[in-house]
Amino acid sequence: MAQVDFWSLTQPVGILRTLAAILACISFILAATAGNVSSSYWVWCMFTWCFCFFFTLLILILEFTTVSSKLPFAWDDVTAAFAMLASLMLLATSIIYPTFFTCTTCYRQIGASVVSWVCFGVYAGEVVLTRLRPSGQNSGFLSTLPGIMKMLETFIACLIYTSLENNHYTQSPQLQWCVAVYSLCFIFSIIIILLTLGQMTSFFPISFDKLMVVFNILAAVMYATAMVIWPLYSFQKNPRPGNCGHLCAWDKLLVVTFMAIFNFIVYTLDTAYSIRLVFFTSDQ
């Protein structure tokens, strides 16, 4: 028999989620009515607002109808992870959109930027509320430090993909290797998140934690090579053009370089923490 839970909408987290969905929708409408821009950054911003609105609305509906309590995975873990992911995406969008697509007379774009920043603040508030769990309450993988780092790794990879263009790497086998590194690490990080979320790690014939250590080491080494190769072959005999504007392809090469360095750091920290967790903490 269908049941409804009005408390899910009136509790502080429910109010924040409702407000976040409304703000994401407003940002999307303002940016969409301002006009289409042929840029991967514009697509990223529009996708972020649409993604946040759709999944926040879905979470509200599932909790309101109590369907969330019947799902075969840790619901609180998923919602906490989504709030953190939405905060990261909106932080990037709130920086990218006003940087590339606003001007002093672009009122709709300015409005979309302001509302996006407010929406980021609302999601950040939800993260704070969901992280303030009662003492002794268990948290799922995505709410732990390794889970947060896995989400951060995939998020940075998405920013790399957003900045990539075909003419950046199609003529260079070295740069194609870098793109392969970004893709492989992203795919396997997503697989790890899904396996953990679906509670299927116990089906592996070997220790899943040790398998994650191996993956983290390989990913860190692969990103180390990409961190060196990408700027070496991207900027060799390729100075910044004098007429390079806001959406210049050369600037996107620079963004990919810094994002690769940042992701290398995250994978290195993830490796160090997973080694400590598996080989030292377990022995105590």
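**Before you click.** This is a predicted model, where local features need pLDDT of at least 70, side-chain atom pairs count only at pLDDT 80 or more, and totals for chains, interfaces and linings use all residues. Residues are numbered from 1 along each chain as its sequence is written, and side-chain values use heavy atoms, with hydrogens and water left out.

**Stop 1: colour by confidence.** Colour the chain by pLDDT, the predictor's confidence in each residue from 0 to 100. The protein chain has a mean of 86, and 94% of its residues reach 70 or more. Now pick helix α1, residues 7–10: confidence is lowest there, at a mean of 76, while α2 has the highest, at 94. Helices here are DSSP runs (H or I, at least four residues), numbered from the N terminus.

**Stop 2: the core.** Which residues have the most contacts inside the largest nonpolar core? Select Tyr182, Tyr223 and Trp230; the core they belong to has 68 residues. A nonpolar core is a set of buried Ala, Val, Leu, Ile, Met, Phe, Trp, Tyr and Cys residues joined through side-chain atoms within 4.5 Å, with buried meaning under 20% relative accessible area (1.4 Å probe, protein chains only). Helices that each supply at least two of its residues include α2 (12–34), α4 (75–101) and α10 (249–279). The biggest giver is α4, with twelve residues.

Zoom in on Tyr182. Not counting residues up to four places away in sequence, Tyr182 touches Ala157, Ile160, Tyr161, Tyr223, Ala226, Trp230, Val256 and Ala260, where contact means heavy atoms within 4.5 Å.

**Stop 3: helix pairs.** Show α9 and α10 together: they pack at about 155°, with axes 8 Å apart. Axes are lines fitted to C-alpha atoms, for helices over the stretch in contact, and angles run from 0 to 180 degrees between N-to-C directions. That makes α9 roughly antiparallel to α10, a label for angles over 145 degrees.

Then move to α4 and α5, which pack at about 160° with their axes 8 Å apart.

**Last stop: Thr79.** Stay on helix α4 and select Thr79. Is Thr79 buried or exposed? Thr79 counts as buried, because its relative accessibility is 3%. Beyond its neighbours within four places in sequence, Thr79 is in contact with Arg17, Ile59, Glu63 and Glu126.

Note on methods. Buried means under 20% relative accessible area, exposed over 50%, partly exposed in between (1.4 Å probe, protein chains only). Angles under 35 degrees count as roughly parallel, over 145 as roughly antiparallel, 65 to 115 as roughly perpendicular and the rest as oblique.
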